[in-house]
Amino acid sequence: MKQQQRNSQVLKYVSLVTLTLQNALVGLSMRYARTRSGDMFLSSTAVVMAEIVKLMTCLILVFMEHGTWNQFLHSLKMTILKQPFDTLKVCVPSMVYIVQNNLLYVSASNLDAATHQVTYQLKILTTAFFAVVILRQTLRNIQWGALVLLLGGVILVQLAQTGPHAVPSGIEQNQLFGFSAALSACFLSGFAGVYFEKILKGSDISLWMRNVQLSFLSLPFGLLTCFLNDGDIIRKQGFFFGYDLFICYLVVLQAGGGLVVAMVVKHADNILKGFATSLAIVISCIASIYLFNFKLTFQFAFGALLVICSIFMYSHQPKIHHQDKHTLLEKI
C-alpha cells in the first residue's frame with residue numbers, strides 16, 4: 001500500500017515537471033525559431049511534419065495495444081475503412097487543428113514568448129464557452145469569476161507591450177497581428193477540443209486510435225496549406241528549406257508534447273495542472289528576459305499574476321464526499 005502511494009506521488013511529480021516543461025518549451029522554442037538569424041523555415045511544413053510524427057507515434061501506441069500485426073491491421077481496417085462516416089466526423093477538428101497550429105506560429109513570430117504564453121491562456125475562456133454551448137455544461141460562480149479575471153489579466157498584458165522591436169531574423173513585429181492570431185488560435189483550440197471530446201465520449205474507440213484518425217486526416221489539409229501559402233518557395237527551395245537540428249527538435253516537441261501530456265495528465269489533478277501552467281508562465285517570463293531582452297514591467301507582471309490566479313480559480317474543485325467522488329470516477 002505504501003509502495004503504491006509512493007509510486008503515485010512520483011507520478012504526480014513527473015506529471016508536474018512534464019507539463020511545466022512542455023508548456024514552457026513550446027512557446028520559447030517557437031519564438032526562438034521564428035526570430036533567430038539565418039534561413040527562415042516554412043512554418044506550414046513544420047506543422048505537417050509534426051502531424052506525421054504524431055501519426056507514426058500513435059500508430060506505434062495502437063500496435064502496442066493490440067500486440068500482433070494481424071490484430072493491429074484488423075483494428076485499423078475496422079475503425080477507419082469500415083466506418084467512413086465515423087472517420088469523416090474527425091475531419092472537422094483535424095482541419096481546425098491545422099489552421100490553429102499555423103496561427104500559433106504567426107503569434108510566436110509577432111509576440112514575445114512571455115506575452116504569447118499568457119495570451120494563449122485565453123483558450124480556457126473559449127473552451128469554457130464551447131463546453132457550455134456544445135456539451136451543455138454548467139459553470140460554477142467561481143469559474144465565471146475566473147474567466148473575467150483571465151480576460152482582465154490578458155488585456156493588461158497586451159496593453160503593457162511597448163511596440164515593435166528588431167529581431168535577428170529581420171521579421172517585422174506586429175503586436176496587433178500577433179494578438180489576433182493568438183486569439184483566433186484560442187477560439188479554434190476551444191472549439192476543436194470540445195468537439196473532439198464529444199467524439200471521444202460518443203464512441204468506444206481508444207484515444208490513440210482517434211489520434212491516428214485525427215493526424216491522418218490532418219495531412220491533406222496541412223499539405224494544401226503548404227502549397228497555398230508557400231507553394232513558390234517550396235518549388236524553388238524545397239519542402240525542408242531552413243530546417244536544421246533545432247527545427248527537427250521543435251517538430252518532435254510539438255508532436256510529442258501533446259501525446260506525453262495525454263499520457264501523464266491522468267496522474268495530475270486539476271490543482272497540479274494549474275500549478276504546471278502557472279510555472280510555465282513564470283519560466284517563460286524569466287527566460288524571455290535573458291534570451292530575448294524582454295522588458296518586464298509592473299503592468300505585465302500584474303496581468304500575468306491575474307491570469308495565474310484565474311487558472312487556479314477555474315481549476316478549483318469543491319470538496320465532495322467519498323461516495324460522490326467514487327461515483328464521479330466511475331463516470332469518468
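Tutor: Let's begin with a term we need for the overall picture: a contact means heavy atoms within 4.5 Å. Among contacts in the protein chain between residues at least 6 apart in sequence, 87% join residues at least 24 apart. Please keep in mind that this is a predicted model, where local features need pLDDT of at least 70, side-chain atom pairs count only at pLDDT 80 or more, and totals for chains, interfaces and linings use all residues. Residues are numbered from 1 along each chain as its sequence is written, and side-chain values use heavy atoms, with hydrogens and water left out.

The chain has 14 helices and 0 strands; helices (H or I, at least four residues) and strands (E, at least two) are DSSP runs, numbered from the N terminus. Of the 332 residues, 46% are buried. Here buried means under 20% relative accessible area, exposed over 50%, and partly exposed in between, with a 1.4 Å probe and protein chains only. The chain exposes about 17,800 Å², and carbon and sulfur atoms supply 67% of that area; accessible areas come from the Shrake-Rupley method with a 1.4 Å probe, and for residues only the protein chains shown count as cover.

On to your salt bridges. A salt bridge is a side-chain nitrogen of Lys or Arg within 4 Å of a carboxyl oxygen of Asp or Glu, and by this rule there are 3.

Let's take Arg-36 and Asp-244, whose side chains meet at 2.9 Å, N to O. This pair links distant parts of the chain, 208 residues apart: Arg-36 is in the loop between α1 (2-35) and α2 (43-66), while Asp-244 is in the loop between α10 (207-237) and α11 (245-264). Arg-36 counts as buried because its relative accessibility is 15%, whereas Asp-244, at 32%, counts as partly exposed.

Next, look inside helix α2. Lys-54 forms a salt bridge with Glu-51, and their closest N and O atoms are 3.6 Å apart. The two residues are 3 apart in α2, so about one helical turn separates them. Both Lys-54 and Glu-51 are buried.

Finally, go to helix α10. There Arg-235 and Asp-232 lie 3 residues apart, about one turn of the helix, and their side chains form a salt bridge at 2.9 Å, N to O. Arg-235 has 61% relative accessibility, so this residue counts as exposed.
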